[in-house]
Amino acid sequence: MRRESWDVVVAGAGVAGLFCALNLPEKTRTLVICKEDAATCDSMLAQGGMCTLANPADREAWIADTLAAGHNENNRAAVEAMVDGSPAVTRALVELGVEFDRSPDGRLDYTREGAHSRPRIVHRADTTGAAVTEALLAAVRALPWVEVREHSPMEDLLVEGEGKGRRCVGLLARDGGGPVELLANACVLACGGVGGLYERSTNYPCLTGDAIRACERHGVATEHLDWVQIHPTSLFTDKPGRAFLISESCRGEGAVLVGANGERFCDELAPRDVVSAAIRKQMEREGSRFVRLDFSAVGEDVVRGHFAHIYETCLAAGHDILAEPVPVVPAQHYLMGGIACDLWGRTSMTGLFACGETACCGVHGKNRLASNSLLESLVFSARCAEAISGRAPRVAPGAAHPKTAGAC
């Protein structure tokens with residue numbers, strides 16, 4: 001079997017894996033692998049935007065919104081770290097060339113989504129994830145000491161030692177040349193979620209929880225694997241394949257949910273689990289397979305501008321959202337649980353780190369607040385890089401340190 005040696009190996013080329021690689025010290029020999037091509041990651045699909053702290057006065061309100069959406073099952077220290085880390089992340093993205101939408105006075109434009117008490121979400125029309133991911137990918141590929149290797153799925157952890165002395169020393173992967181042992185001083189799992197395991201999901205089918213399963217095989221702690229978020233509004237279709245998400249920011253801009261009789265039946269800006277449950281109840285009452293999202297209160301310029309991608313995708317599917325309500329149905333969307341880690345991405349196994357959707361530091365609680373996901377991935381992947389490079393505290397104050405292996 002082939003063997004390669006690296007300083008750091010990162011599994012996953014979404015925003016978490018890329019930002020981690022980008023924040024490692026200069027000349028750290030780093031390999032970033034991904035299961036398919038680099039474009040096939042859920043980070044590319046994020047529509048609504050990314051939360052950020054535009055005004056210090058919003059800090060406590062944002063924390064409160066996140067805790068309320070998460071049913072107060074969140075790790076507050078993680079929430080505070082995410083909120084406080086948002087200005088630096090936003091500045092970094094702007095410096096990398098991400099062109100967030102701006103208001104006429106040149107300032108960043110902020111939108112609002114469900115369960116947010118005020119607008120705090122920066123965006124690039126309705127393709128924010130693609131704008132951020134593409135900028136990060138270009139920046140990482142420009143680093144001569146980093147390689148991005150596509151079509152190279154991770155298959156297992158490489159572990160040495162016994163008992164408490166066990167250490168992750170690399171990853172077993174596969175590429176065009178067959179299986180390869182990727183030895184490294186530190187390994188980062190940033191492999192995304194589990195949507196590919198569901199019949200109807202907004203995720204790419206290739207996201208099947210590979211990193212989580214590998215961790216469970218080797219006794220690395222995982223937690224809250226049953227905390228799976230259902231997004232209220234995916235485009236209804238009889239066709240198989242990935243469900244197309246219709247961003248929550250549409251409801252933040254005035255779109256409303258209606259039943260077959262054209263009447264509203266819920267608060268569209270309630271947390272996602274509450275709205276999804278209301279939709280399910282409405283479908284049961286009607287005996288229908290979907291409800292409808294009505295854009296008539298949203299200005300045509302907003303639909304054609306801010307929601308251009310959604311408008312065009314729905315139109316291609318036969319639905320003109322400017323002329324009639326579009327059929328929507330809930331779909332699996334996000335995993336709040338995952339590989340247990342502290343606020344610096346450290347897992348229960350030495351040498352092994354995790355960040356992004358595949359990790360769980362408790363920031364989201366039992367239900368994720370809209371548009372916290374891109375930010376969470378960026379903030380904690382940068383902190384993960386700090387821990388790998390020795391710049392993080394040995395014990396993070398208030399961090400959640402996993403103590404037991406297996407799902408809990």
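Biologist: Which residues line the second largest cavity?
Modeller: This is a predicted model, where local features need pLDDT of at least 70, side-chain atom pairs count only at pLDDT 80 or more, and totals for chains, interfaces and linings use all residues. Residues are numbered from 1 along each chain as its sequence is written, and side-chain values use heavy atoms, with hydrogens and water left out. The lining is Cys341, Asp342, Gly345, Ala354, Cys355, Gly356, Ala359, Cys360, Cys361, Glu376 and Phe380. Here a cavity is a set of points on a 1 Å grid over the protein atoms alone where a 1.4 Å probe fits but cannot get out, and lining residues have an atom within 4 Å of a point.
Biologist: Which elements give two or more residues to that lining?
Modeller: Those are S16 and helix H10 (373–388). Helices (H or I, at least four residues) and strands (E, at least two) are DSSP runs, numbered from the N terminus.
Biologist: And what lies closest to the centre of the largest cavity?
Modeller: Of its 13 lining residues, Met336, Ala359, Cys360, Val363 and His364 are the closest to the centre. Strand S13 (326–335) and S16 each give two or more residues to this lining.
Biologist: Switching topic, what is the strand order in the open sheet of 3 strands?
Modeller: The order is S9-S14-S16, with mixed pairing; strands pair if DSSP finds at least two bridges between them. S9 (222–223) and S16 (359–360) are at the edges with a single partner strand each, so one side of each has no neighbour in the sheet.
Biologist: How do S9 and S14 pair, parallel or antiparallel?
Modeller: Antiparallel, over 2 bridges. Glu223 has Gly338 in S14 as its bridge partner.

Note on methods
On a 1 Å grid over the protein atoms alone, a cavity is a set of points where a 1.4 Å probe fits but cannot get out, and a pocket is an open set with protein on both sides within 12 Å along at least five of seven lines; lining residues have an atom within 4 Å of a point.
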